[in-house]
Amino acid sequence: MAPAVALPVLLALVALVAPGLGAAPGCDHPAHRWCRSRDAAVACQVESSCPSLPRPAAAPVELSLYYESLCPACREFLVLKLFPTWLLLPEEMLNITLVPYGNAQERNVSGKLDFQCQHGPEECLGNMMEACLMHEAKNFSTYFPVIFCLESGSSVTKNLEACPLCPQCLQIYAPEVDSGRISACVQGDTGVALMHHNAQLTEALDPPHQYVPWITINGKHTDELQAQAEASLLALVCHLYQGEKPEACGGSKAPRIPPGCRR
């Protein structure tokens, strides 16, 4: 019996003997490269015959957290559940969006936007500080550790002039971010615009949020998803992710988060 010939080798031989033979319309790759990449295999209609192709990357689990900077339950979820889960999982597995606004109220006072927050003016300041940090740092892996530091401390905010954005957190986790730009954002029109945007995102929730922290997974919120996220976020993300599971997905349990900050 003749020895078996690997498909890529066979395709290359076909191309050498009869160029163009077997090539699909629109395939401009030489036969010996048909199985080198998924794009080439798709274009040449041989994807099912290329077993060595890398599997397409799975979509990350999309988690959005709608929260308030001074809400105890929000801080506990972010510090004890969300941040550790983010640290344990590879970057491509979990995509997090933070929306600091929560149960705040937006008002138009004499043509200017004004915000009232559930835990008072300091919470409004904390929300805006974190929104401005995200705006200036841009990269999630840069600003999330700073927010974790702020939310895990005894006071999220301090006097803005004496200690813009609590410099200990910024210096430790993101020294490259200019605290002066964050202060200018908080004290200027940009901070107001960012809070207005967060207000719109929060008001657009369907179903409308009833408390914070309010968690959506892949754009959806249900009582079951909320409870699962609060009980064991790591296990939930591992269950929902369709790609190859990392070692961290071996199983986890965590204590239940206390009731959220209701309106």
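Visitor: How are strands of a sheet held together, and in what order do the three strands of the open sheet stand here?

Guide: Strands of a sheet pair through backbone hydrogen bonds, and the pairing can be parallel or antiparallel. In this predicted model, three strands make an open sheet in the order 2-1-6, with mixed pairing. Strand 2 and strand 6 (214–217) are the edge strands, each pairing on one side only. From one strand to the next, the twist averages 15°.

Visitor: In which sense do strand 1 and strand 6 pair, and over how many bridges?

Guide: Strand 1 (residues 61–67) pairs with strand 6 in the antiparallel sense, over four bridges.

Visitor: Which way do the residues of strand 6 point, and are they buried or exposed?

Guide: W214 and T216 point one way from strand 6, while I215 and I217 point the other way. All four of these residues are buried, meaning under 20% relative accessible area.

Visitor: Which strands does helix 9 touch as it packs on the sheet?

Guide: Helix 9 (residues 223–240) touches strand 1, strand 2 and strand 6. Its direction makes about 30° with that of strand 6. Helix 4 (residues 121–137) lies across strand 1 and strand 2, and runs at about 140° to strand 2.

Visitor: How many residues lie between strand 3 and strand 4 in their hairpin?

Guide: Two residues lie between them. Strand 3 (residues 105–109) and strand 4 (residues 112–116) run antiparallel and are joined by five bridges. In the turn, S110 has a positive phi of about 55°.

Visitor: Now the largest pocket. How much space lies in it, and which residues line it?

Guide: About 180 Å³ of space lies in the largest pocket. Its lining consists of W86, L89, P90, E91, L94, N95, I96, N139, F140 and S141. By class, that lining has six nonpolar, three polar and one charged residues.

Visitor: Which element supplies the largest share of that lining?

Guide: Strand 2 does, with three residues. Strand 2 (94–100) and helix 5 (140–152) each supply at least two residues of the lining.

Key:
Residues numbered from 1 in each chain as written. Predicted model: local features only at pLDDT ≥ 70, side-chain atom pairs only at ≥ 80, totals over all residues. Heavy atoms only, no water. 1 Å grid on protein atoms, 1.4 Å probe; cavity = no way out; pocket = protein on both sides within 12 Å on 5 of 7 lines; lining within 4 Å. Points joined across faces, edges and corners; volume = space filled by probe spheres on them. Nonpolar A, V, L, I, M, F, W, Y, C, P; charged D, E, K, R; others polar. Pairing = 2+ DSSP bridges. Axes fitted to C-alpha atoms, helices over the stretch in contact; angles between N-to-C directions. Contact = heavy atoms within 4.5 Å. Buried < 20%, exposed > 50% of the residue type's maximum accessible area, 1.4 Å probe, protein only.
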